[in-house]
Amino acid sequence: FGKEVTDYSMIAQLTKEWEPFTQLWVTAFNWTKDSKKWLTGPFQQVDSKFCESSVAAGTKTLFKAVKAFEKRDGCGEVLQIAKTVKE
C-alpha cells in the first residue's frame with residue numbers, strides 16, 4: 001500500500017505493564033457495583049456463592065496488584081489506593 005509497516009513489537013510488554021492498573025480499577029468497579037446490591041438490596045436476593053467467589057477473587061487480584069505496585073517506581077499513590085481498596 002506504499003505505507004511503512006507499523007512496529008507492534010512492544011504491545012505485549014505494554015499490556016503486561018498495564019495489567020495491574022486494569023486489575024485494580026476493574027476490581028474496584030466490580031466491588032462498588034456488587035457491594036451496593038448486597039448492602040441495600042433485598043437480603044433474599046443476595047447470591048451467597050457469587051458473593052463469596054467475588055470477594056475471594058477480588059482479594060486475590062488486589063494482593064497481586066499491590067505486589068506489582070510495590071515493585072514499581074513512581075507508583076506510591078496508586079499503591080496506596082490499591083492497599084486501601086484491599087482493606
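Two residues are taken to be in contact when heavy atoms of theirs lie within 4.5 Å. On that basis, among contacts in the chain between residues at least 6 apart in sequence, 52% join residues at least 24 apart.

The model is a predicted one, in which local features need pLDDT of at least 70 and side-chain atom pairs count only at pLDDT 80 or more, while totals for chains, interfaces and linings use all residues. Residues are numbered from 1 along each chain as its sequence is written, and side-chain values use heavy atoms, with hydrogens and water left out.

**Overall layout**

Helices and strands are DSSP runs numbered from the N terminus, where a helix is a run of H or I with at least four residues and a strand a run of E with at least two. The chain has three helices and zero strands, and its pattern along the sequence reads α-α-α. The radius of gyration of the chain is 18 Å, well over the 12 Å that the globule rule gives for 87 residues, so the chain is more spread out than a compact globule. That radius is taken over C-alpha atoms, and the rule is 2.2 Å times the number of residues to the power 0.38. Along the principal axes, the C-alpha atoms fill a box of roughly 65 × 35 × 15 Å.

**Surface and charge**

The chain exposes about 7,300 Å², of which carbon and sulfur atoms supply 59%; accessible areas come from the Shrake-Rupley method with a 1.4 Å probe, and for residues only the protein chains shown count as cover. A residue is called buried under 20% relative accessible area, exposed over 50%, and partly exposed in between (1.4 Å probe, protein chains only). Of the 87 residues, 20% count as buried.

Lys and Arg count as positive and Asp and Glu as negative, with His and the chain ends not counted, and each charge is placed at NZ of Lys, CZ of Arg, CG of Asp or CD of Glu. The mean positions of the 13 positive and 11 negative charges are 5 Å apart.

**The nonpolar core**

A nonpolar core is a set of buried Ala, Val, Leu, Ile, Met, Phe, Trp, Tyr and Cys residues joined through side-chain atoms within 4.5 Å. The largest one here has 10 residues, namely F21, L24, L62, A65, V66, F69, C75, V78, L79 and A82. The elements that give two or more residues to this core are α1 (11-40), α2 (48-70) and α3 (76-86), and α2 gives the most, with four residues. Within this set, V78 is in contact with F21, L24 and F69, leaving aside its neighbours within four places in sequence.

**Individual residues**

D34 has its place in helix α1 and counts as buried, at 6% relative accessibility. Apart from neighbours within four places in sequence, D34 is in contact with F50 and S54. W25 is also found in helix α1, where it is partly exposed, with a relative accessible area of 45%. Helix α2 holds A57, which counts as partly exposed at 41% relative accessibility, and A68 lies in helix α2 as well, being partly exposed with a relative accessible area of 23%. E4, by contrast, belongs to the segment before α1 and is exposed, with a relative accessible area of 76%.

The table sets out C-alpha separations for pairs that involve some of these residues.

| Pair | Separation in sequence | C-alpha to C-alpha distance |
|---|---|---|
| A57 and T27 | 30 residues | 8.8 Å |
| W25 and L62 | 37 residues | 9.9 Å |
| A68 and W25 | 43 residues | 14 Å |
| E4 and P42 | 38 residues | 59 Å |
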